[in-house]
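Please walk me through this structure, one step at a time. I would like to know how the chain is laid out and what its surface looks like.

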Amino acid sequence: MNFVDVFIVLFAVLSLTRGYSIGLVRQAGSTIGFIAGLFVGSWIGNLIVSQESSSVSKSLTGLLQCW
């Protein structure tokens, strides 16, 4: 077992204990909201970048979206 395996197992155990203490519905809602926000933000970001005309402005807009 290397460091990554230990990290994954530790993360899974901590997630299980946190999920048990918070509750299934609240944890599922939080996870679904995070994933939905990630996809919507990515979709809107691509729409904004596609409106730019030059490659330099596309690159700068893409970098600014990360902040």
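**A walk through the chain**

S53 lies in the loop between α2, which covers residues 24–50, and α3, which covers residues 55–65. The model is a predicted one. Is S53 buried or exposed? With a relative accessible area of 75%, S53 is exposed, because a residue counts as exposed when this value is over 50%.

The distance from S53 to another residue gives a sense of scale. S53 and Q27 are 26 residues apart in sequence. In space, their C-alpha atoms are 42 Å apart.

Now take the chain as a whole. The protein chain has 3 helices and 0 strands, and its elements run α-α-α from the N terminus on. For 67 residues the globule rule gives 11 Å, but the radius of gyration of the protein chain is 18 Å, well over that value, so the chain is more spread out than a compact globule. The C-alpha trace of the protein chain spans about 50 × 35 × 15 Å along its principal axes.

How much of the protein chain is buried? Of its 67 residues, 7% count as buried, where buried means under 20% relative accessible area. The accessible surface of the protein chain comes to about 5900 Å². Carbon and sulfur atoms account for 73% of that surface.

The next stop is helix α1, which covers residues 3–22. Both F7 and F11 lie in this helix, 4 residues apart, which is about one turn of the helix. A pair of aromatic rings is described by the distance of the centres and the angle of the planes. The count for this model comes to 1 aromatic pair. The ring centres of F7 and F11 are 6.4 Å apart and the ring planes are at 20°, so the pair is stacked. The reasoning rests on two cut-offs: centres must lie within 6.5 Å for rings to pair, and planes under 30 degrees apart count as stacked.

Is F11 buried or exposed? F11 has a relative accessible area of 54%, so it is exposed.

F7 and F11 also belong to a nonpolar patch on the surface. Which residues form this patch? They are F3, V4, F7, I8 and F11, and together they have about 590 Å² of accessible area.

To put the pieces together: F11 is in helix α1, its ring is stacked with that of F7, and F11 is part of the nonpolar surface patch. S53, in the loop between α2 and α3, is exposed as well.

How values were computed: Residues numbered from 1 in each chain as written. Predicted model: local features only at pLDDT ≥ 70, side-chain atom pairs only at ≥ 80, totals over all residues. Heavy atoms only, no water. Helix = DSSP H or I, 4+ residues; strand = E, 2+ residues; numbered from the N terminus. Rg over C-alpha atoms; globule rule 2.2 N^0.38 Å. Buried < 20%, exposed > 50% of the residue type's maximum accessible area, 1.4 Å probe, protein only. Areas by Shrake-Rupley, 256 points an atom, 1.4 Å probe, with all protein chains shown as cover. Phe/Tyr/Trp six-rings, centres within 6.5 Å; stacked < 30°, edge-to-face > 60°. Patch = residues over 30% accessible without salt bridge, like charges linked within 9 Å, V, L, I, M, F, W, Y side chains within 5 Å. Salt bridge = Lys/Arg side-chain N within 4 Å of Asp/Glu carboxyl O.
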